[in-house]
Amino acid sequence: MASQAPMKPPDGQTFVEASLELSGKSREESRRTGAMDRADEQVEGFFASKYQTSSSPIHRAVWERDFPLDLFLSEPPPTPAADAARAMQRSLDIVRGHLAAGTLLDERGKIFPTVFAELGTAGYWGLLVDRAYGGHDLPMSVFMPFLTKMTTLFGTLAGLASVHGCVGAVDPLHGMGTPAQKAKFLPMLASGERISGFALTEPGAGSDLTALKTRAVLNGDHYLVTGEKLFITNAIPGRIVALVCMIDDRPEVLLVDLPEENEQFQLVRYGLYALKHSYNNGLKFHSFPVPKDNLLKPQFGNGLTVAYHGLNRGRVAVCANAAGGMRLMLANMLPWARYRKTYGEQIVKRELVRRRIGRMAGLIVACDALSSWCSWLLDQGYRGEMECTIAKIFGSESQKEAAVELFMKTHGGRSFLHGHLFGDNVHEYLAPCIYEGEGEMLGMAFFKSLVKQHGKTYFEPIGRTLKDLGVRQPNLLNPVHLTKLAPAMTTYGKWLVGEKFGPRSCPALPELPTALAEHAQYAITALQQSGREVSGAMRKHQLQLADRQCRMSDLSLRVQDMVTMLVTALYAGRQTDPLVQSAADVACQDLVLRRTKKRPSDAYFRTVTRLGQQIADGGFEAIAGVPEGEIMMQYDANVS
Ligand SMILES: Cc1cc2nc3c(=O)[nH]c(=O)nc-3n(C[C@H](O)[C@H](O)[C@H](O)COP(=O)(O)OP(=O)(O)OC[C@H]3O[C@@H](n4cnc5c(N)ncnc54)[C@H](O)[C@@H]3O)c2cc1C
C-alpha cells in the first residue's frame, strides 16, 4: 500500500491539486479543480471576514456550538422610496395594460421592443442601478418580492430584469467598475437605452468552467475577441453583454456592445423551447474589437469573481420567480378544480386534489421565505453563496414539481392544449433547474463550500502527513506512521469528542405557533448534528470523497432541507395570514418526510387536505389579485 512517490507538490500546485493527484486524479483534472478552488478563494477576498462563507449563517449553524439564530430570522423589507415604489407600480401597470390589450408580444411571440422602451421610461431597468446614475438603488429585499409580482403577470419580463440587473452588466459594474466605466455604462443601463446579458457558457464549457476557450488579445487600444458562446439570454444586436473570456490565461470580463452582425461577430441561431418570448442565441466572435477600457478589473480575483457575485443575486431571483410562477399555477388551478366534476362530484372535493393545492401553497411559502431571507442577507453584505444556492435549487425544483406533479395532473388532458398555462410554459417551468447552474452540480458545490474549512483545519494536516510519509492510507500498527500522525489525529479527536459530548446552545426561539416552533427546533437540532454526519463521511471516504458524488449530494440535500425548514418556519411565524402559517407547516412536514423517508401519517394527510380545502374556499392572501386565466373547453356552462 505504501507507494513511495516524491511528495513535494510541483511548483505552483495547491494542496487541493496535490491531494487530488494523490487520490488518483489526472494532473489535468487536479489543475482545473485547483483553479476553481483559487477562484472561489478570490471571491471570498472580496468580502470582509464577517461576511465570508465561513462566517455565513449555514456554515456557523453546522460547525459552531452556538447556533446563530439571529442570522436566520431576517427582517421585513424596508419601505421603498416613493419614486421607486411608483416605478415598480408603473412597470406592473404597463405590463398589465399590454396583456389586456394583447400588445405585449409580436407575431413571433417575442416581446415588442416598444414594451422594453416603455418599461425603461417607468424606471424598470434602473431598479438596481445607483441613484447617482439614474436608477432607484433598490435593496434586494424589495426587488425580489417585486420580481415575484411581475412573474405573476409575465415571467419572461421578470427573468429579464434579473438577467439585466443581477447577472448582466449592472451588478459587475457596481461592484467592480471604475468611476469612468460606471459613468459610461450605468446611465444607459438604468434608462433601458441598453439592456444587458451575461455570456459565460460555451459549446464546450457549461458545468466545467475551466474549459472556457473564448480568448481576448490586447492589440493597441482594443482587445480582439475570438471564440463562441452558447445559450446567451437577451443576446441580440444592441444589447450589452458581460462576456467572460480568457485574457493571458485568466478568465476576465469584458463589457461588449453587440453590433449588427458583421464579419467579426455573428449570432448563432437555434430553436429553443425555453425563454421563447425573449431571445437566446449563440455568439461567434472572430478578432472582434472591444475597447480595452471595457475590461472589468476586480480588486480581488478575476472574471469568475465577477460572475460569481452576480450569480448569487440571480439565484435568489430564480427562487423569487418560482414563487410567482407557482402563484399563477395555483390561481389557475382553483377555478378549474371547482368547475371539473367527475363521478358527480367536483374534483376540488377530492383528497388527492386538495393535497396538491395544500402542497403547492407550502412550496410557495417556502420559496417566499428563502427569497426573503437570502435577499436580506445580501442587503446586510453577506456573500450568501451557500444560502443563495439553496434558494436556486429549492426554487427551481419546487417549480418543476409543482408544474408536473401538482398543476399538470390536476388539469388533466387540457394541460396540453395550445393556450393552456402548463402547455404553453412547460419549458419555462423546467429550464430554471438548468440555467445559473444545474441543481445537483450546485448541490455538490454547496457541499464543498460547507466542508472546506473543516477539511483544511482537521483533515489537511493528516493529509499532509500522509503525503510526507508517501502513503494513501495510514498503517497505525507502523510506529513511524503513528508518531507522525499523532498530533493531527489528536486535534481531530478532540473536536470529535467535543461534538459528541460538548454543550451546545441556541438562543430562545421567537414566539411562534406550536407546530412552527417544533419545526424550527427540529431543524436547529438537525443542523447542529449535521457537522458530525458530514465529518463522518469525510473521515470514511477521505481523498476519495470528491468521487463519492451520490453521498455528497445526499448530505448536501439533508443540510439544504433543514435550512429551508428553519427559514420557512421562522418566516411564517412573522406572517399574519393563518393559511400562510399552515402552508409553512405543510412544507416543513414534507421536508421531514423527505429526510426520514417515513410513510406520511393520517394526521399529515388531514393537515394538508384541510389546508387545500381552506385555500379552495378562498382567502389565501398570497394569490390575491393573481390572474386566474380561463377554464378551457368548458363542457357545462351551468356548473359554477
Ligand atoms: C434557457 C437557458 C438560458 C440560459 N441562459 C444563459 C445565459 O444567459 N448566459 C450563460 O452564460 N449561460 C446560459 N445558459 C446556459 C446554462 O447556464 C448551462 O446550460 C448550464 O450551466 C449547464 O451547462 P451545460 O448545458 O453545458 O451542461 P453540461 O456541462 O453539458 O452538463 C450536463 C450535465 O452533466 C452532468 N455533469 C456535468 N459535469 C459533471 C460532473 N463533473 N459530475 C457529475 N455530473 C456532471 C450534470 O448533470 C450537468 O447538468 C442558459 C441555458 C438555458 C437552458
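## Reading a ligand site and its protein

Mentor: The shell around the ligand holds 10 nonpolar, 6 polar and 2 charged residues. In this grouping, Ala, Val, Leu, Ile, Met, Phe, Trp, Tyr, Cys and Pro are nonpolar, Asp, Glu, Lys and Arg are charged, and the others, Gly among them, are polar. The model is predicted, so local features need pLDDT of at least 70 and side-chain atom pairs count only at pLDDT 80 or more, while totals for chains, interfaces and linings use all residues. Residues are numbered from 1 along each chain as its sequence is written, and side-chain values use heavy atoms, with hydrogens and water left out.

Trainee: Which residues come nearest to the ligand?

Mentor: A residue is near a molecule if one of its heavy atoms lies within 4 Å of it. Of the 18 residues around the ligand, those that come nearest are Phe198, Leu200, Thr201, Ser207 and Phe231.

Trainee: What polar side-chain atoms face a nitrogen atom of the ligand, and at what distance?

Mentor: A polar contact is a pair of N or O atoms within 3.5 Å. Thr233 places a polar side-chain atom 2.9 Å from a nitrogen atom of the ligand, and for Gln549 the distance to a nitrogen atom is 3.0 Å. Ser207 has a polar side-chain atom 2.8 Å from an oxygen atom of the ligand.

Trainee: How much of the ligand's accessible area does the protein cover?

Mentor: Accessible areas come from the Shrake-Rupley method with a 1.4 Å probe. On its own the ligand has 960 Å² of accessible area, and the protein covers 65% of it.

Trainee: Which strand gives the most residues to the shell?

Mentor: Strands are DSSP runs of E with at least two residues, and helices are runs of H or I with at least four, numbered from the N terminus. Strand β3 gives the most, with 3 residues. The protein has 19 helices and 10 strands.

Trainee: Is Ser371 buried or exposed?

Mentor: Buried means under 20% relative accessible area, exposed over 50%, and partly exposed in between, with a 1.4 Å probe and protein chains only. Ser371 lies in helix α11 (residues 351-380) and is buried, because its relative accessible area is 5%. Contact means heavy atoms within 4.5 Å. Leaving aside neighbours within four places in sequence, Ser371 is in contact with Met144, Val316, Cys319 and Ala320.

Trainee: What share of the residues in the protein is buried?

Mentor: Buried residues make up 55% of the 640 residues.

Definitions and conventions. Polar contact = N/O pair within 3.5 Å; in protein donor to acceptor, adjacent residues only side chain to side chain.
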